[in-house]
Amino acid sequence: MKAVVLHQPGNADQLILEELSIPIPNQDQVLIKVNAFGLNRSELMTRKGLSPDVSFPRVLGIECVGEVENDPSGTFKQGQKVAAFMGNMGRLFDGSYAEYTVLPKAILSSFESTLSWEILGALPEMFQTAYGSLHLALDIKPGETLLIRGGTSSVGLLAAQLAKIAGAKVISTTRDETKRHLLLENGADQVLIDNGELLEQFTTGRIPKVDKVLELVGTTTLKDSLVCTAAFGKVCMTGMLSEQWSVQDFDPMGYIPATVSLTVYDSGQFRVEEKLFQDFITQVEEGLITPPIKKVFNLEEIVAAHQFMESNAGGGKIVVLT
C-alpha cells in the first residue's frame with residue numbers, strides 16, 4: 001500500500017510517500033480501506049515536532065473515512081462505511097495518511113451516506129469539534145450571543161452554521177477584511193476584524209459582552225476573549241491556530257474574570273454520540289448544512305497539501321483523497 005511516512009520532524013517535504021505492507025489487525029482492531037481524510041492543525045504541529053510523546057517514524061492523520069476491509073471480531077461487516085478520529089490516532093500509532101490503516105474499534109463510527117468521499121472526508125473531526133464545543137462544552141442556548149474567535153477556520157465556519165441552527169446570534173472574527181463575506185455566508189450575524197484586542201472594539205462600538213466564546217486562535221487571544229465575556233458566561237478553548245500550547249506566568253485570579261467560566265473541548269477525551277454524527281450527515285445530504293471545504297488534494301500531493309495548510313489561507317477544510 002501507499003503511505004506517507006514522517007521519519008523526522010521538519011518541513012512539509014519530510015512527508016515521504018512510501019510503499020508499506022498492509023497492516024494486519026488483531027481482535028480489538030479493524031483494517032480500514034481509507035478513502036479520504038481531512039487535514040488538521042494538530043498534524044501540522046506534530047510534523048514540526050511540537051507534539052509531545054510522538055515518536056518517529058510515524059504515519060500522521062487523526063481522522064479518516066473509508067470502508068471496513070477486515071474485522072477479526074466480526075463487529076463490523078466488510079465494506080461497511082466508517083469514520084475514525086482521534087484516540088491517539090496518528091500519534092501513538094499510525095494514522096490515516098495511507099491507503100489502509102489498522103485502528104482500534106473504539107474510535108470507529110459506522111454511518112450510511114450517499115455523499116461523495118470528498119465531502120465525507122471533511123466531516124468527522126470538524127463535526128465532532130464544532131458540535132462538541134458548542135453543545136457539550138459551552139451548552140449553547142437559543143437567544144445567546146456566541147463569539148467565534150478564528151471564524152474562517154473550518155471548525156469556525158461550521159460552528160457558525162450549527163450555532164444558527166441552535167438559535168444563537170453569532171459574531172465571528174477574522175484578521176482579513178476580504179473574508180468578511182465568507183463569514184456572513186456561513187451564518188455570522190456580525191463580523192469583527194481581529195487585531196488581537198477585541199475588547200476595545202466592544203467598548204468603542206458599544207457591543208454588549210457575549211454569553212459564550214468559542215476560542216479557536218488559542219492562548220494568544222484567550223485573555224482578551226475572557227474579558228469580552230459577560231458575567232456568568234463561558235469560554236471554550238478548542239483550537240490552537242496560533243500554535244502556542246501554554247500561557248506564560250498564568251495567574252488564574254488575574255486572568256479569568258469573576259464568574260466567567262473557562263473550559264476546553266477535546267474530541268479525544270469526550271466523543272459525540274454516533275447517532276448525532278449520522279444526523280449531521282443527513283442534514284448535509286438535505287442541504288441544511290454546507291460543509292466548508294477549501295481544497296481537495298490526492299495522497300501523492302500531501303506535501304503540497306501541508307504547504308497549503310501552513311499558508312493559513314483559511315476558509316474551509318482541506319481534504320485528501322487516497
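Modeller: Let us begin with strand E15, which pairs with strand E3 (residues 29–38) in the antiparallel sense over three bridges. Two strands are said to pair if DSSP finds at least two bridges between them. Strands (E, at least two residues) and helices (H or I, at least four residues) are DSSP runs, numbered from the N terminus. The model is a predicted one, in which local features need pLDDT of at least 70 and side-chain atom pairs count only at pLDDT 80 or more, while totals for chains, interfaces and linings use all residues. Residues are numbered from 1 along each chain as its sequence is written, and side-chain values use heavy atoms, with hydrogens and water left out.

In general, strands of a sheet pair through backbone hydrogen bonds, either parallel or antiparallel. E15 spans residues 317–321 and is mostly covered, since four of its five residues are buried. Buried means under 20% relative accessible area, exposed over 50%, and partly exposed in between (1.4 Å probe, protein chains only).

We may now turn to the open sheet of six strands, whose order is E10-E9-E8-E11-E12-E13, with parallel pairing. Its edge strands are E10 (190–193) and E13 (261–264), each of which pairs on one side only. From one strand to the next, the twist averages 20°. Strands E9 (residues 169–174) and E10 pair in the parallel sense over four bridges, and Ser 172 has Val 191 in E10 as its bridge partner. Helix H7 (residues 219–227) packs on the sheet and touches E8 (145–149), E11 (210–215), E12 (229–237) and E13. The direction of H7 makes about 160° with that of E12; axes are lines fitted to C-alpha atoms, for helices over the stretch in contact, and angles run from 0 to 180 degrees between N-to-C directions. Contact means heavy atoms within 4.5 Å.

Next comes the interior. A nonpolar core is a set of buried Ala, Val, Leu, Ile, Met, Phe, Trp, Tyr and Cys residues joined through side-chain atoms within 4.5 Å. The largest such core has 42 residues, and those with the most contacts inside it include Leu 123, Ile 148 and Phe 280. Helices H3 (124–137), H4 (154–165) and H9 (274–285), together with E8, are the elements that give two or more residues to this core. H4 gives the most, with seven residues. Leaving aside its neighbours within four places in sequence, Phe 280 is in contact with Leu 123, Phe 127, Leu 158 and Ile 289. A second, separate core has 36 residues, among them Val 4, Ile 32, Ile 107 and Leu 108.

Finally, consider the whole chain, which has ten helices and 15 strands. Its radius of gyration is 20 Å, close to the 20 Å that the globule rule gives for 322 residues, so the chain is as compact as a globular protein of that length. This radius is taken over C-alpha atoms, and the rule is 2.2 Å times the number of residues to the power 0.38. Buried residues make up 51% of the 322 residues in the chain.
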